[in-house]
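Biologist: I would like to learn how to read the features of a model. Please take me through them one at a time.

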Amino acid sequence: MNVMSKFRFSSTLLIALLMSVMSIGNVNATVVEIDGVCYDDSGFGIGDGEAIISSINQGTIPAEVVIPEKVTINGKECVVTRIHRSAFAYNTIVTSVTLPAGLKYIDNYAFSQCTNLAEVKGIPEKLDYMGHAVFNNTKWLSSLKDSAPEGLYLVGGWVIGYVGDIPETLIFPNNTIGICDNFAIRINYTNYSYVKNIVLNEGLKYINYDAFEYFLGLTEINLPASLEVVENEAFDCCANIKQFTVAAGNNYFSAVDGILYNKEQTKLILYPNGKTDTEVVVGNNVTELAEYAFYGAYYIKSLTIPEGVTEIPSQAIRAMNSLETVILPSTVNYFGFGIFVQCSSLKSIILYAEETPEYSGEDLSLLTETTLYVPEVSLDVYKTHDTWGKMGNIKTIELYTGVENVGIDKSSIDNTIYNLKGQRICSPQKGQIYINNGKKYIQR
């Protein structure tokens, strides 16, 4: 039976039904508009008895906005604690905003591109979170270069900019809760490439992405015990950082050999760009990589990811211009976007996964100088796959010829195993390349 034939409504009945639904929706509405500002008491991460500014009405918003401490929604009094992502963004009417004392959270781009916003009043002493580019391109932010005292400028404990010329050693004050993205250029464009040291305070909890982007003078980062979050790309393009250290007592991070991990060392968060090791074997305890984990690690020529890792997340292996060989485990089943991009020296991808992993990256046909080596039982599957099959050269792992066979005196052959540096090895690690009886092989 045709489904539509089961339900036949007259136009009058349909309109009546829609009006009924709309009426019920208004009775249970969770959004109220007050002076052009829309408040919501549901979703968006807010708790019971809290309200968030979800958006504004461009047609009724006044030039001077005063956000109340509390609003009433469906007869319930709610404390205004959050401003949602881009809530005021690109508004050109508002010239002044007064924030409520109970505000805890200002999300990304909340007032971004409000080009006529010249005054921000009532800033709380402490905010739980300040997002990215919250006041970007506002009159208020740009005016601070002439009106605020020299030094780091904080809003609710969050560094949003620097007034004056940044010194060689940058010390963050004790009341710093978080460091916002691109803080060094938000207030005035100053040269920060010569900053050699940053002293992060105990009490710091959050470092936003791109916070220290292109701080080329940094060589070592010491993270305090209080730190809870380091966003992706927080130290993007810091080409000379050689090591991370983490203060004792930190419950979220640890560092081994200069590499940043989670506390349990099961997740590799960030490999320092300036670390000069050329052959890197990720420890077997690691089961997860963070996005951007090896992004920009210039010196690495050979990278081995251990068994147990199931995903190569977005940008994790990118902009590694010296990378020639990457060895990937049988457990990997997903590649994010941006993988293998800007890896101009990449010659060999050794992938042990017998089932073709999902690949969300750029077109693999662009890797014209790279050979993909896969298990022999899966060779045809990879060659005919819609994505992996775009690689022009796919061979079996057994044919991998990353190094030349080594000629030795056959009279001395004795099953001794050596690494590629000629050093004797007692316990070969899975996925690594070794030499035995004058021939190269990969340990399985």
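**Reading contacts, strands, cores and spaces**

Modeller: Start with Ser 54, which is in contact (heavy atoms within 4.5 Å) with Cys 38, Asp 40, Phe 44, His 84 and Ala 87, leaving aside neighbours within four places in sequence. The model is predicted, so to speak of a local feature needs pLDDT of at least 70 and a side-chain atom pair counts only at pLDDT 80 or more, while totals for chains, interfaces and linings use all residues. Residues are numbered from 1 along each chain as its sequence is written, and side-chain values use heavy atoms, with hydrogens and water left out.

Biologist: Is Ser 54 buried or exposed?

Modeller: Ser 54 is buried, at a relative accessible area of 16%. Buried means under 20%, exposed over 50% and partly exposed in between, with a 1.4 Å probe and protein chains only. Ser 54 sits in strand β3. Strands (E, at least two residues) and helices (H or I, at least four) are DSSP runs, numbered from the N terminus.

Biologist: What order do the strands have in the open sheet of 3 strands?

Modeller: Strands of a sheet pair through backbone hydrogen bonds, either parallel or antiparallel. Here the order is β4-β7-β9, with parallel pairing (two strands pair if DSSP finds at least two bridges between them).

Biologist: Which strands are at the edges of the open sheet of 4 strands?

Modeller: That sheet has the order β20-β21-β22-β24 and mixed pairing. Its edge strands are β20 (253-256) and β24, each pairing on one side only. β20 pairs with β21 (residues 259-262) in the antiparallel sense over 4 bridges, and Asn 262 in β21 is the bridge partner of Phe 253.

Biologist: How many residues does the largest nonpolar core have?

Modeller: It has 43 residues, and those with the most contacts inside it are Ile 83, Phe 88, Phe 111 and Met 130. A nonpolar core is a set of buried Ala, Val, Leu, Ile, Met, Phe, Trp, Tyr and Cys residues joined through side-chain atoms within 4.5 Å. A second, separate core of 41 residues includes Ile 312, Leu 351, Ala 353 and Leu 379. Residues up to four places away aside, those that Ile 83 touches include Ile 52, Leu 99 and Tyr 105.

Biologist: How many cavities of 30 Å³ or more are there?

Modeller: The count is 2. On a 1 Å grid over the protein atoms alone, a cavity is a set of points where a 1.4 Å probe fits but cannot get out; a pocket is an open set with protein on both sides within 12 Å along at least five of seven lines, and lining residues have an atom within 4 Å of a point. Grid points are joined across faces, edges and corners, and a volume is the space filled by probe spheres set on the points. The largest cavity holds about 90 Å³, and its lining includes Met 130, Phe 135, Cys 180 and Arg 186.

Biologist: What is the volume of the second largest pocket?

Modeller: It is about 320 Å³. Of its 26 lining residues, the closest to the centre are Asn 232, Glu 233, Ile 269, Leu 270 and Glu 291. β22 gives the most to this lining, with 3 residues.
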